Amino acid sequence: MRVAVTQHEPVWLDLEKTIDKTCDIITEAAEAGAKLVVFPECWVPGYPAWIWSRPVDFELGVKYVENSLKIDSPQMRRIQDAAATHDINVGLGFSERDGDSVYIAQVLIDQKGEVQMKRRKMKPTHMERTIFGDASGSCLASVVQLPENGPRVGSLACWQVKTYQAQICMIHVAAWPPMDPFVEGSPGFWSMTAEGCRSITQTYAAESGAFALHCTTVLSDAGIRKMKTDGPIMGSPIAGSSAIIGPDGRLLKTAESGSEQLIIADLNMSDVTKTKTFADAGGHYSRPDLLWLGADPTPKQVVRIAKSNGI
């Protein structure tokens, strides 16, 4: 299966123009023969990088909510139509607007233009909680099979706990924000750098025996000026660190330069089976009689009508 991983820059905080660019990238990926193209965390309308410089910015906060993407909207329909027109599956990361709240979200749109999976990030990371809300139980079901007996594809964003090995994921969409490169002697965390986060994705691939599509965002001077980021995190241009990772954790392909580009590779799905003959964490290499993970996938509504006394 030919896949395409994006390493591009959104049109920051501009819903319509970012949708335009998304459709152009979908077209480019399809013309290259890809059957799946994936986008990073909060690709629409861009990751709110300013939160790591200052937790409150009402002007940008309002603009961000107003330019976030609703599930049932003409803008989402445009992406679905692009997928159907070009016969390609699309894994999209975006800021989902629900009322006046926003959530870090992902959808998987199949080649017929239908939304097969939609989910929210279980727990926003650190400063992200100044902008985004938490998900509910439905976020746990994130692996679906592509049409025509295609591979099983799952999606997670950033540092989420990887709970879905038992769902038999074959291709993992690992969506990340712009990641700064590691600087020796920095007081920050290596785990929050481009190198650290790619290592996390490689570890997941090796543990789960799945291909991993590590997808990151480019951040230019224009984006920095737009969001007024001047701190050590996302305060300098970032070239992106997208990659395609094999089911044994090795890097199969990375960007050829620091410019915007699609990273394209042909995946042999038999490599997943080969890897899992050695260790299958959701199958023969598990001991559910001794250790198991409990999960409640039930969505929890804000208002729930309690029934008591038979009423």
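This is a predicted model: local features need pLDDT of at least 70, side-chain atom pairs count only at pLDDT 80 or more; totals for chains, interfaces and linings use all residues.
Q: How many aromatic pairs does the structure hold?
A: Rings pair if their centres lie within 6.5 Å. By that criterion, the number of aromatic pairs in the structure is three.

Q: Are the rings of Phe 39 and Trp 43 stacked, tilted or edge-to-face?
A: The two ring centres are 5.5 Å apart. Planes under 30 degrees apart count as stacked and over 60 as edge-to-face. The planes of Phe 39 and Trp 43 stand at 40 degrees, so the pair is tilted.

Q: What is the angle between the planes of Tyr 64 and Phe 132?
A: These two residues form an aromatic pair, 6.0 Å centre to centre. The pair is edge-to-face, and edge-to-face takes an angle over 60 degrees. Between the planes of Tyr 64 and Phe 132 the angle is 80 degrees.

Q: How many residues apart in sequence are the parts that Tyr 64 and Phe 132 tie together?
A: Tyr 64 lies in helix H2, residues 58–66. Phe 132 lies in the loop between strand E5 (115–120) and strand E6 (143–145). The pair therefore ties together parts separated in sequence by 68 residues.

Q: Which residue forms one aromatic cluster with Tyr 64 and Phe 132?
A: Tyr 64 is buried, at 1% relative accessibility. Tyr 64 and Phe 132 share one aromatic cluster with Trp 50.

Methods: Residues are numbered from 1 along each chain as its sequence is written. Side-chain values use heavy atoms; hydrogens and water are left out. Helices (H or I, at least four residues) and strands (E, at least two) are DSSP runs, numbered from the N terminus. Buried means under 20% relative accessible area, exposed over 50%, partly exposed in between (1.4 Å probe, protein chains only).
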